[in-house]
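Dear colleague,

Please find the structure below, handed over for your own work. My notes on it come directly after.

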Amino acid sequence: MPDRPTAREQSGTPATPPARRRPVSPQWAAWAFLTPVTLYLVLFYAYPLYRNLDLSLRDYTVRSFVQGDAPFTGLANYRTVLDDPTFVPALVHTVVFTVVCLFLQYAIGLALAVFFNQNFRLSTTLRALFLVPWLLPLIVSASTWSWMLNSDSGIVNAALHAVGIGPVNWLTSPDWSLTSVIIANTWIGVPFNLVVLHSGLQSIPAGLYEAAALDGAGAWQRFRHITFPLLRPVSAITLLLGLVYTLKVFDIIWIMTKGGPADSSTTFATWSYQLGFGNLLPAFGPGAAIGNLLVVAALVFGLVYVRAERKQRLS
């Protein structure tokens, strides 16, 4: 039996289509995705940088730090830092520590990446073991190296004694303290370089090596003319990230030597902490000024990298 027509159909009135929801504007969707990232950057990057800049431009004491009534002094804190006799040694130590660590980490990491790129038996297992220093907490790594380099009971001096070499005061001698923290930081940073550079090597076509080998190119020639040039973009970002990290290294040096003895391993990072928190009468302003110098140095190198990368893309 056929269905009876409805009253609306009998009257000839067309049925009203269901209301459609208006599509969400792509612009609003983009803002919705950007809002959490923007809040994160403002709360954890922009605001701390602003506070650090404000600290460096005012004469903060413990009381004024709490009450917020520190007088404005302009660049006086920066002049205090530049006139301090610790500035030049700390600058030299920061440069030496950063440059030597970057060179050793990259050179050793690249050598290991090329070695593991051969995909021999157990290469994956050994490569995973090399990640252990990178995964350990820094306080554990620094404490371990402090024990290993101990002048009396350290395993390093015990090994030197076994081959007829006298003990070395790794952590208590001004001649060796900076070398000690460089060794520890290099050991921690090599796995990062190994992982990134090995990933870059995986992206190089194997056919290039086969063609070069057919043309009679040796292992060194293949590395010089194929591996190293094609690995340049990955090397640039690896060195930049390593530079930013190494400039701000604090915990390794502080745990092992506390910047001593006699400021022989003091860098800008440890000096900033010592001024701000290591004294009974903290100097918040000069400590913040040193921190800002580190930020400016990292920013300059970052801009240099961005400009070089843009020039390489256009060429």
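The notes below cover salt bridges, a surface patch, a helix pair, a loop and one further residue.

This is a predicted model, in which local features need pLDDT of at least 70 and side-chain atom pairs count only at pLDDT 80 or more, while totals for chains, interfaces and linings use all residues. Residues are numbered from 1 along each chain as its sequence is written, and side-chain values use heavy atoms, with hydrogens and water left out.

Salt bridges

A salt bridge is taken here as a side-chain nitrogen of Lys or Arg within 4 Å of a carboxyl oxygen of Asp or Glu. By this rule the count is 2 salt bridges. Helices are DSSP runs (H or I, at least four residues), numbered from the N terminus. The other salt bridge pairs Arg 58 with Asp 54 at 2.8 Å, N to O.

Nonpolar surface patch

Leu 122, Leu 126, Leu 129, Val 132, Leu 136, Ile 139, Val 140, Trp 187 and Ile 255 make a nonpolar surface patch of about 740 Å². Patch residues have over 30% relative accessible area and no salt bridge; nonpolar side chains (Val, Leu, Ile, Met, Phe, Trp, Tyr) are joined within 5 Å, and like charges within 9 Å. Accessible areas come from the Shrake-Rupley method with a 1.4 Å probe, and for residues only the protein chains shown count as cover. Helix 6 (123-129) and helix 8 (138-148) are the elements that give two or more residues to the patch. Leu 129, in helix 6, counts as exposed because its relative accessibility is 51%.

A helix pair

Helix 11 (residues 206-214) packs with helix 12 (residues 219-230) at an angle of about 160°, their axes lying 10 Å apart. Axes are lines fitted to C-alpha atoms, for helices over the stretch in contact, and angles run from 0 to 180 degrees between N-to-C directions. Helix 11 and helix 12 are therefore roughly antiparallel, a term for angles over 145 degrees.

The loop between helix 14 and helix 15

Most residues other than glycine have a negative phi, and most peptide bonds are trans. Gly 260 and Pro 261, however, are joined by a cis peptide bond with omega about -5°. Pro 261 lies in the loop between helix 14 (251-256) and helix 15 (268-277). Lys 258, in that loop, has a positive phi of about 55° although it is not a glycine. Ala 262, also placed there, has a positive phi near 55°. Ala 262 counts as exposed, at 75% relative accessibility.

A residue in helix 16

Gly 291 is found in helix 16 (residues 284-314) and counts as buried, at 18% relative accessibility. Its C-alpha atom is separated by 40 Å from that of Asn 117, 174 residues apart along the chain.

With kind regards

How values were computed. Buried means under 20% relative accessible area, exposed over 50%, partly exposed in between (1.4 Å probe, protein chains only). Angles under 35 degrees count as roughly parallel, over 145 as roughly antiparallel, 65 to 115 as roughly perpendicular and the rest as oblique.
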